[in-house]
Amino acid sequence: MTESDRFHSYVPAEGHGLKHDPFNAIVGPRPIGWISTLSPDGAPNLAPYSFFNAFNYTPPIIGFSSTGWKDTVANIEKTGEFVWNLVSRTLAERMNITSAVVPPDVSEFALGHIRSTPSDIVRPARVADSPVQFECRLTQMVQLKDADGRALETWMTFGEVVKAHIRADLVVNGVYDTVAARPVLRAGGPADYYEIRTDSLFQMRRPQGDELTKLLDGHDVTD
């Protein structure tokens, strides 16, 4: 077997040659950006985005990518506010309902029988049964480009977390219990999701002190 035989290699612009595009499954599992917004005239919106993550500690900044200029992006551009709601396993099916394409005047909160609760700082409501919610203010909205500089119909939205809400029982001895929140993650494939479980946990700490000294011993630190 040659080295090239060990890999399925492809040029994305020419097609992946598989039954389903593997990109989403490779870059995963990923947190779900369950974003609630409010239109300028007060219509609530709630939608999930699978390209979502955190990008800065201080101040905390999160972001999500939207393929197409959707109601969520339009609302944030006009109001400068949104809320991220953590999707727990118990909310997964209702979150999936909010992924349906519906007219702007249809409230996904009502469609999915999802309870809302007012935010403290921003105007969009929070998902009441979500174990964690981040109230956010827009910091940047960027239209993505390809390697040749061509604008894509994809927008990246970043927001600073101005207030965080964590269900009290998820904080144990001052530490947030990730597993106890039962977060649902997008795993690629046509319909694949995962839930974090305790039996998949392992720990590693950044090399430092004597351990780091041993690693560097005899090595050119510029390598």
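## Close-up views of a predicted model

**View 1. Phe23, Ile26, Val27 and Phe51 make a nonpolar surface patch of about 370 Å².** The model is predicted: local features need pLDDT of at least 70, side-chain atom pairs count only at pLDDT 80 or more, and totals for chains, interfaces and linings use all residues. Residues are numbered from 1 along each chain as its sequence is written, and side-chain values use heavy atoms, with hydrogens and water left out. Patches are made of residues with over 30% relative accessible area and no salt bridge; nonpolar side chains (Val, Leu, Ile, Met, Phe, Trp, Tyr) are joined within 5 Å, and like charges within 9 Å. Accessible areas come from the Shrake-Rupley method with a 1.4 Å probe, and for residues only the protein chains shown count as cover. Ile26 sits in helix H1 (residues 23–26). Helices (H or I, at least four residues) and strands (E, at least two) are DSSP runs, numbered from the N terminus. Ile26 is exposed, at 61% relative accessible area. Exposed means over 50%, buried under 20%, and partly exposed in between (1.4 Å probe, protein chains only).

**View 2. The largest nonpolar core has 17 residues.** Such a core is a set of buried Ala, Val, Leu, Ile, Met, Phe, Trp, Tyr and Cys residues joined through side-chain atoms within 4.5 Å. Ile35, Ile62, Phe64, Phe82 and Trp84 have the most contacts inside this core. Two or more residues come from each of S3, S5, H2, S6, S9 and S10. A second, separate core has 11 residues, including Ile32, Phe109, Val127 and Val184. In soluble globular proteins, nonpolar side chains tend to be buried together.

View 3. Contact means heavy atoms within 4.5 Å.

**View 4. Helix H2 spans residues 71–79.** Thr72, Val73, Ala74, Asn75, Ile76 and Thr79 of H2 are buried. Their cover includes strands S2 (33–38), S3 (44–49), S5, S6 (81–85), S9 (132–145) and S10 (151–166). Gly80 follows H2, with a positive phi near 75°.

**View 5. Ser66 lies in strand S5.** Ser66 is buried, with 0% relative accessible area. Beyond its neighbours within four places in sequence, Ser66 contacts Tyr49, Val73, Glu153, Thr154 and Trp155. The Ser66 side chain also reaches the backbone oxygen of Gly68 at 2.8 Å. Pro12 is 54 residues from Ser66 in sequence and 20 Å from it in space, C-alpha to C-alpha.

**View 6. Lys163 and Asp120 form a salt bridge (2.9 Å, N to O).** A salt bridge is a side-chain nitrogen of Lys or Arg within 4 Å of a carboxyl oxygen of Asp or Glu. Lys163 lies in strand S10 and Asp120 in the loop between S7 and strand S8 (126–127), so the pair ties together parts that are 43 residues apart in sequence. Lys163 is partly exposed, at 33% relative accessible area. Asp120 is partly exposed too, at 47%.

**View 7. Further salt bridges.** The structure holds 9 salt bridges. Arg167 pairs with Asp169 at 2.7 Å, N to O. Arg167 is partly exposed at 38% relative accessibility, and Asp169 is partly exposed at 48%. Glu195 pairs with Arg197, with the closest N and O atoms 3.9 Å apart. Glu195 is buried, at 18% relative accessible area, whereas Arg197 is partly exposed, at 48%. Asp146, Asp148 and Arg150 are linked in a salt-bridge network.

**View 8. The peptide bond from Thr58 to Pro59 is cis.** Its omega is near -5°. Pro59 sits in the loop between strand S4 (52–56) and strand S5 (61–67). Most peptide bonds are trans, and most residues other than glycine have a negative phi.

**View 9. His113 and Asn173 have positive phi values.** Phi of His113 is near 50°. His113 is in the loop between helix H4 (108–111) and strand S7 (116–117). His113 is exposed, at 68% relative accessible area. Phi of Asn173 is also near 50°. Asn173 is in the loop between strand S11 (171–172) and strand S12 (175–176). Asn173 is exposed, at 78% relative accessible area.

Definitions and conventions:
A polar contact is a pair of N or O atoms within 3.5 Å; within protein, one must be able to donate a hydrogen and the other to accept it, and residues adjacent in sequence count only if both atoms are side-chain atoms.
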